[in-house]
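Dear colleague,

I am handing over the structure below, and after it I set out what was found. Please read the notes with the model open beside you.

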Amino acid sequence: MTDLVIRPIIAGEEHLFDSLPDPALVGRAAFGESYLDMAAAGQYRPEWTWVALRDDTVVARAAWWGGPGDTAPLALDWFDFTDADAAVELLRTAPLRAEYSISLPPGWRDDPAVRAQGEARIDAATKAGMSVLVERYRYRWTADCGLPARPGRLEFHPEPDDAVILDVLRRIGEGSLDAHTRHTIATSGPAAAAQEELDLLRWLPGPRDWWRLARTASGTLVGIIVPARNHSDPIVAFVGVVPEQRGHGYAYDLLVEGTHLLVEGGATEIVAATDQTNHPMAAVFARAGYPVERERVDLV
């Protein structure tokens, strides 16, 4: 068998990456996204875009994504192959380490062809040393979904002090159902998990002054809602209730407030996500009229 060549592409070779035949049943391509368009817009860099070739034919490809100012990629989110062994070797060889997030159609396991494509990628990443952390829902609210009425139970105010926000995030981390938070707490501790969350929120290009703390009419802290933007959409970046206020349905109030703030800022579509295992939050999104746009499996 011809030796396998594994390497990053160089600028101008984007069409080489795009030459691998793929049915576009899973991953970004399944949702109409184009690697060539995204690369042209600067969302993928040549040095973070790798191919495995035999006889100059691409048999596996992987592209890692990062923001404009990032010095290391944040996620692997484009990974396809016609040769599973080559795909495993590509992931082992490329000197890039980031979470693998694979986008999947809702109910993807119900379609045999889609399930086969999704499971093949998960299997290849697992053989390369990764493990499944969590499965998630991604939502996309549009104006057609209707704007839920504000319940009016809470008062919201901005908090410019990051130290205050950091303490709130630490408190929210106690007993969190979020797999990423639980993973960081288990490996690095609650302070590190709160700092990681704050760093991510500060990294987002959405305005810092959109963030809101929520309190009861008597002034008792309930939680935080962070409406924001990523590099393509308005988003609900974070919804969190402190432990002593859980059980009152306040997450719904927070989500509705965030939705209103984004709409007041001009948003006609809003993206959000939660773990599939976080049943209370998934129910909140459903109640607020957020339909599931896609599913996602995250591997670390």
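About 70 Å³ of space lies in the largest cavity, where a cavity is a set of points, on a 1 Å grid over the protein atoms alone, at which a 1.4 Å probe fits but cannot get out; grid points are joined across faces, edges and corners, and a volume is the space filled by probe spheres set on the points. Of the 13 residues lining this cavity, those closest to its centre are Gly-27, Arg-28, Asp-77, Phe-79 and Asp-80, a lining residue being one with an atom within 4 Å of a point.

Please keep in mind that this is a predicted model, in which local features need pLDDT of at least 70 and side-chain atom pairs count only at pLDDT 80 or more, while totals for chains, interfaces and linings use all residues. Residues are numbered from 1 along each chain as its sequence is written, and side-chain values use heavy atoms, with hydrogens and water left out.

The strands β4 (75-81) and β5 (99-104) each supply at least two residues of the lining of the largest cavity; strands (E, at least two residues) and helices (H or I, at least four) are DSSP runs, numbered from the N terminus.

The second largest pocket holds about 180 Å³ of space, a pocket being an open set of points with protein on both sides within 12 Å along at least five of seven lines. Its lining includes Trp-64, Leu-76, Leu-91 and Met-130.

The largest nonpolar core has 31 residues, and Trp-64, Phe-79, Leu-90, Leu-91 and Tyr-100 are those with the most contacts inside it. Such a core is a set of buried Ala, Val, Leu, Ile, Met, Phe, Trp, Tyr and Cys residues joined through side-chain atoms within 4.5 Å, and buried means under 20% relative accessible area, exposed over 50%, and partly exposed in between (1.4 Å probe, protein chains only). The largest share of this core, five residues, comes from α3. Leaving aside neighbours within four places in sequence, Tyr-100 is in contact (heavy atoms within 4.5 Å) with residues including Leu-76, Phe-79, Met-130 and Val-297.

With best wishes
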